[in-house]
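Please open the model in a viewer and keep the selection panel at hand.

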Amino acid sequence: MAHYTTADQIDLTAVADRYGLTGASLTPLSGGAANSSFRLASDQGEYVLTSLDNHDEGSAATLARHTRALHHLGIPTSEVVPTTDGSLIAPISDRLLMVKKWIGGTVRQPLPLAFLTEAGELLARLHTLAPEADGLEDVPAGSRRLSSEHLAAIPGFVDQEFAQWLTSRLDRVRVAEADSLRAPCLIHGDLFDDNVIVRDDGGLSVLDWETISLDDPLLDLGMAAVGLAQDEAGLLDTDRLHTLLGGYEKRRPLTARDRALLPLEIEHAALIIAFHRYHRHNVRFPNPERATYHRAMVRFTESVTRRV
């Protein structure tokens, strides 16, 4: 099973000392598929403290640097708080900790339709940033896609029906993408509703940049469609999709060819998520309660073909 940090495992005295805080207290926050986060209250203000449980020191520092760069470039996201000596990551008691300013607001699941226009516009803003901006020079290329190691694991899945379905669909996507990729840009790679905060002032902030990469903007739009454009049954909701796209095109219009290829990239994104759900809950960290989570993406993928 995956291991996560609990509040009693945080050396709060050491944290307060590293960040120059007094009157500090911690409250666990729900959510977070890869790390453990806490609300950190202090006399100096409120923050989010995250234990980067699935990172080494190098990748933790990279995540913090990317997050800080995006904030400086005007993307509404978390503001990383440095330690008193200017470090963006604090190694304390064998844990790698990052502190960010608290964003007042709520995570709403599903994200209400009224916010999808702004969500689309935010994604377009990201896609128009210069990839070589300060702090983003080392963003990896294509890392949200399934790697050769991922693909090699599929034939060994116990659920052979799913393995064959996934292989067939991925082969079809690969052939269709062969001569249709667009110029790469910065992508979020995981714009799901649990990574979006509806702020108290009515705007949106985007969280969690662990999957940032340089890639085809349509794949990122496809991932956002998977994350934000599902109906109550978990199928593609075309009204939600069109609202998301309307916001996106306010800043970054799509060509007719882009629109024709978008269903393929929505399917591609769903296949990536399906793989990771199966691999995580059935191979890496077997969990009987979540062993069938990937099937929701099978149903979603089939709905893309029917509804777009």
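A pocket here is an open set of grid points with protein on both sides within 12 Å along at least five of seven lines, and its lining residues are those with an atom within 4 Å of a point. The model is predicted.

**First stop: a pocket**

Select R145, L146, L151, L170, V173, R174, E177, L181, H268 and I272, which line the second largest pocket. Two elements each give two or more residues to this lining: helix 5 (160–177) and helix 8 (256–284). Which helix gives the largest share of the lining? Colouring by element shows that helix 5 does, with four residues. The volume of the second largest pocket is about 210 Å³.

In general, strands of a sheet pair through backbone hydrogen bonds, either parallel or antiparallel.

Begin with residues 105–106, strand 7, and residues 196–199, strand 9: two bridges join these antiparallel strands. Select T106 and its bridge partner in strand 9, V198.

Then move to residues 204–206, strand 10, which pairs with strand 9 over three bridges in the antiparallel sense. Here V196 has V206 of strand 10 as its bridge partner. What do strand 9 and strand 10 form together? They form a hairpin with four residues between them. Centre the view on G202 in the turn, where phi is positive, at about 95°.

Finally, select residues 294–307, which make up helix 9. Its 14 residues reach 20 Å from the first C-alpha to the last, close to the 20 Å expected at 1.5 Å a residue. Show the side chains of H294, M297, F300, T301, S303 and V304, which are buried in helix 9. Why do these residues lie on the same side of helix 9? They cover an arc of only 165° around the axis, and therefore share one side of the helix. An α-helix has 3.6 residues a turn, so residues three or four places apart point the same way.

Methods. Residues numbered from 1 in each chain as written. Predicted model: local features only at pLDDT ≥ 70, side-chain atom pairs only at ≥ 80, totals over all residues. Heavy atoms only, no water. 1 Å grid on protein atoms, 1.4 Å probe; cavity = no way out; pocket = protein on both sides within 12 Å on 5 of 7 lines; lining within 4 Å. Points joined across faces, edges and corners; volume = space filled by probe spheres on them. Pairing = 2+ DSSP bridges. Expected span 1.5 Å × (residues − 1). Buried < 20%, exposed > 50% of the residue type's maximum accessible area, 1.4 Å probe, protein only. Arc of directions from axis to C-beta.
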